[in-house]
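The questions below ask what stands behind the labels given to parts of a structure. Each answer sets a value against a cut-off and concludes.

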Amino acid sequence: MTDNPQRLKNQVALVTGASSGIGAAVALALAAAGAAVAVNYIGHPEGADAIVRAIELAGGRAFAVRADVSSEDAVHAMFAEVIERYGTVHILVANSGIQQDARFLDMTLAQWQRVLDVNLTGQFLCAQAAAREFVRRGMQPEVSRAAGKIICMSSVHEVIPWAGHVNYAASKGGVMLLMKSLAQELAPHKIRVNSIGPGAIATPINLTARDTPEEVADLLRLIPYGRVGEPEDIGKVAAWLASDEADYITGTTIFADGGMLLYPGFESGG
Ligand SMILES: NC(=O)c1ccc[n+]([C@@H]2O[C@H](COP(=O)([O-])OP(=O)(O)OC[C@H]3O[C@@H](n4cnc5c(N)ncnc54)[C@H](O)[C@@H]3O)[C@@H](O)[C@H]2O)c1
């Protein structure tokens, strides 16, 4: 990685679920690298507005755009708004995700379906809308060597099971082959598609797993590198993966997990 502060200059990025946690850090990192950023949120706008303000205070460009990524109409309206505002889009970070935890014997169809709808269908819908815009616009060699970049927020749970979270693990396993299949299908259009697979990152999604010192100690035992990840750890990877420095990378998950995947006996975590 270089510290070229403007490696995403003249590029437009859309980051979903960017009002908190990893998405917020990704939005800030892409903006710091020079991209204009559409900050997607659902629910209350305060978090997204704070990220937009932080980007603007640092001299960047951003705006907040509401959409439920599991709704096709909402996703299409969101892309239309981004394109109307900034002319096009070059980078999608499909980051939105939820957990609805339950033991398998008790899991309801609604818990299964909602997690699949947001974590997997949401990525399909956003990736399709982004790819259609990349293909429509074509190459812009003065802006980037790729016609467009899609980054899916996956998890270490795309490759390891997670008892008590089968809906989440199934959604992230689906994201892995969605990403790889898209990378294959979209490569002729010079569109790069990759995932980031975070380990345990300190964000709202897993707050309850870090409630007590004992729970933190349990978590740290799973992380050879000896610390829980910060959202900024993932923001930096996203800014690099979106840049031309990663131009020959497509169809790959970059795991940012402090070595979590090195433990074959791993069975719980982020
Ligand atoms: N924190 C971790 O340890 C960890 C580990 C691996 C993967 N991840 C993944 O990282 C991503 C971000 O999670 P986070 O840890 O920052 O938690 P988070 O709860 O802060 O972020 C999730 C974001 O998704 C948004 N969201 C939820 N449903 C949505 C919908 N229907 N439409 C649009 N946005 C929606 C939320 O508002 C929130 O901003 C998720 O995909 C998660 O699965 C997190």
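This is a predicted model: local features need pLDDT of at least 70, side-chain atom pairs count only at pLDDT 80 or more; totals for chains, interfaces and linings use all residues.

**Ligand, helices and single residues**

Q: Which polar side-chain atom lies 2.8 Å from an oxygen atom of the ligand, and which lies 2.4 Å from one?
A: The 2.8 Å distance belongs to a polar side-chain atom of Ser20, and the 2.4 Å distance to one of Thr203. The protein covers 93% of the 810 Å² of accessible area that the ligand has on its own.

Q: Which residues come nearest to the ligand?
A: Of the 30 residues around the ligand, these are Ser20, Ile22, Asn95, Tyr168 and Thr203.

Q: Why is Asn167 called buried?
A: Asn167 has a relative accessibility of 0%. Buried means under 20%, so the label applies. The residue belongs to helix H5, residues 166-186.

Q: What does the side chain of Asn167 reach at 2.8 Å, and what lies 3.2 Å from one of its polar atoms?
A: At 2.8 Å the side chain of Asn167 reaches the backbone oxygen of Gln100. The backbone oxygen of Gln111 lies 3.2 Å from a polar atom of that side chain. With residues up to four places away in sequence left out, Asn167 touches Gln100, Met107, Gln111, Trp112, Val115 and Leu116.

Q: How do you know that the length of helix H2 agrees with its number of residues?
A: H2 runs over residues 46-57, twelve in number, and at 1.5 Å a residue these should span 16 Å. The end C-alpha atoms are 16 Å apart, so the two values agree.

Q: What puts the buried residues of H2 on the same side?
A: The buried residues of H2 are Ala48, Ile51, Val52 and Ile55. They cover an arc of only 100° around the axis, which puts them on the same side of H2. In general, an α-helix has 3.6 residues a turn, so residues three or four places apart point the same way.

Q: What covers the buried residues of H2, and what is exposed on the other side?
A: The cover includes helix H1 (21-32), strand E2 (36-41) and strand E3 (62-66). Glu46, Arg53 and Leu57 are exposed on the other side of H2. Just after H2, Gly59 takes a positive phi of about 95°.

Q: How do you know that the span of H3 agrees with its number of residues?
A: At 1.5 Å a residue, the 15 residues of H3 should span 21 Å, and the end C-alpha atoms are 21 Å apart, which agrees.

Q: Why can the buried residues of H3 be said to line one face of the helix?
A: Val75, Met78, Phe79, Val82 and Tyr86 are the buried residues of H3. Seen down the axis, they fall within an arc of 95°, so they line one face. They pack against E1, E2, E3, strand E4 (91-94) and helix H4 (109-137). Asp73 and Glu84, on the other side of H3, are exposed. Gly87 follows H3 and has a positive phi, near 90°.

Q: Why is Ser71 called partly exposed?
A: The relative accessibility of Ser71 is 25%. Buried means under 20% and exposed over 50%, so a value in between is called partly exposed. Ser71 sits in the loop between E3 and helix H3 (72-86), and its side chain reaches the backbone nitrogen of Ala74 at 3.1 Å.

Q: What makes Gln11 buried?
A: Gln11 counts as buried because its relative accessibility is 2%, and the cut-off is under 20%. Gln11 lies in the segment before strand E1 (12-15). Its side chain makes a polar contact with the side chain of Lys149, at 2.8 Å. Leaving aside neighbours within four places in sequence, the contacts of Gln11 include Ala35, His90 and Val143.

Q: Is Gly199 buried or exposed, and why?
A: Gly199 is buried, because its relative accessible area is 6%, under the 20% cut-off. Gly199 is placed in the loop between strand E6 (191-198) and helix H6 (213-220).

Terms used: Residues are numbered from 1 along each chain as its sequence is written. Side-chain values use heavy atoms; hydrogens and water are left out. Helices (H or I, at least four residues) and strands (E, at least two) are DSSP runs, numbered from the N terminus. Buried means under 20% relative accessible area, exposed over 50%, partly exposed in between (1.4 Å probe, protein chains only). A polar contact is a pair of N or O atoms within 3.5 Å; within protein, one must be able to donate a hydrogen and the other to accept it, and residues adjacent in sequence count only if both atoms are side-chain atoms. Contact means heavy atoms within 4.5 Å. The expected span of a helix is 1.5 Å times one less than its number of residues. The arc is that of the directions from the helix axis to the C-beta atoms. A residue is near a molecule or strand if one of its heavy atoms lies within 4 Å of it. Accessible areas come from the Shrake-Rupley method with a 1.4 Å probe; for residues, only the protein chains shown count as cover.
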